[in-house]
Every structure is written in C-alpha cells, then in structure tokens.
Amino acid sequence: MPGLCRLVGESGVRIDWAVLLSDLTAWETRRSQIANRWKEAFYLHSPPPGASPSTPPAPDTPAEDPTA
C-alpha cells in the first residue's frame, strides 16, 4: 500500500486520506460498494484506450511587446 500511495502521489493525484481510511476500515463489510465506487472513479478519470496522454497546458507567459 505505501508504494501504491507514493506512485499515485507522484502522478499528481491528491489522495483523500480520510476517505481512504474510511474505505479501508469498512472494506470487510462493504467491499462491493467500495470497489464499485473506486472503479467508477478510475474509469471516469482515465483517458479512453488508445488515446495519447494529454499534454499539460503551456504556462502563462507575458505577451511580447511589439514596440520593444
């Protein structure tokens, strides 16, 4: 679990530690509901198969002054 959390964190995704702790403590009694919620969240935020990874937007740069 620590390695997975580190990998997710390095990808820029924020981990909601309170929700993760709640899900892990309820795993034995609500496994199917939690797994379904995780799957839905994963597929809602994943690019479609075969899609190229998105490139981050360019940082805002001041426009050049044409009179300079």
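Me: Contact means heavy atoms within 4.5 Å. Which residues does Leu24 touch, not counting those up to four places away in sequence?

Reply: Leu24 touches Met1 and Trp38. This is a predicted model, where local features need pLDDT of at least 70 and side-chain atom pairs count only at pLDDT 80 or more, while totals for chains, interfaces and linings use all residues. Residues are numbered from 1 along each chain as its sequence is written, and side-chain values use heavy atoms, with hydrogens and water left out.

Me: Where is Leu24 found?

Reply: Leu24 sits in helix H2. Helices are DSSP runs (H or I) of at least four residues, strands are E runs of at least two, and both are numbered from the N terminus.

Me: How many helices and strands are in the chain?

Reply: Two helices and zero strands.

Me: Which residues form the nonpolar patch on the surface?

Reply: Met1, Leu4, Leu7, Leu24 and Trp38, with about 500 Å² of accessible area together. Helix H1 (2-10) and helix H2 (17-44) each give two or more residues to that patch. Patch residues have over 30% relative accessible area and no salt bridge; like charges are joined within 9 Å, nonpolar side chains (Val, Leu, Ile, Met, Phe, Trp, Tyr) within 5 Å.

Me: What about the accessible surface of the chain?

Reply: It comes to about 6400 Å², and carbon and sulfur atoms hold 62% of that. Areas come from the Shrake-Rupley method with a 1.4 Å probe, and for residues only the protein chains shown count as cover. Of the 68 residues of the chain, 7% count as buried.

Me: Which residues in H2 are buried?

Reply: Leu20, Asp23, Ala26 and Ile34. The buried residues of H2 pack against H1.

Me: Asp23 is on that list. What does Asp23 form a salt bridge with?

Reply: Arg37, with the closest N and O atoms 2.5 Å apart. A salt bridge puts a side-chain nitrogen of Lys or Arg within 4 Å of a carboxyl oxygen of Asp or Glu. Asp23 is buried because its relative accessible area is 3%. Arg37 has 36%, so it is partly exposed.

Me: How many salt bridges does the count come to?

Reply: Two salt bridges. One of them joins Arg31 and Glu28, with the closest N and O atoms 3.5 Å apart. Both lie in helix H2, three residues apart, about one turn of the helix. Glu28 is exposed at 64%, while Arg31 is partly exposed at 42%.

Me: New topic. Where is the kink in H2 centred?

Reply: On Arg30, and the kink is about 120 degrees. The bend at a residue is the angle between axes fitted to the seven residues ending there and the seven starting there.

Me: What does H2 span between its end C-alpha atoms?

Reply: Only 20 Å, whereas a straight helix of 28 residues would span 40 Å at 1.5 Å a residue. The expected span is 1.5 Å times one less than the number of residues. The C-alpha atoms of Leu24 and Ile34, ten residues apart along the chain, are separated by 9.0 Å.

Me: Last one. What is Val8 in contact with, leaving aside neighbours within four places in sequence?

Reply: Val13 and Ile15. Val8 belongs to helix H1, and at 26% relative accessibility it counts as partly exposed.

Technical notes
Buried < 20%, exposed > 50% of the residue type's maximum accessible area, 1.4 Å probe, protein only.
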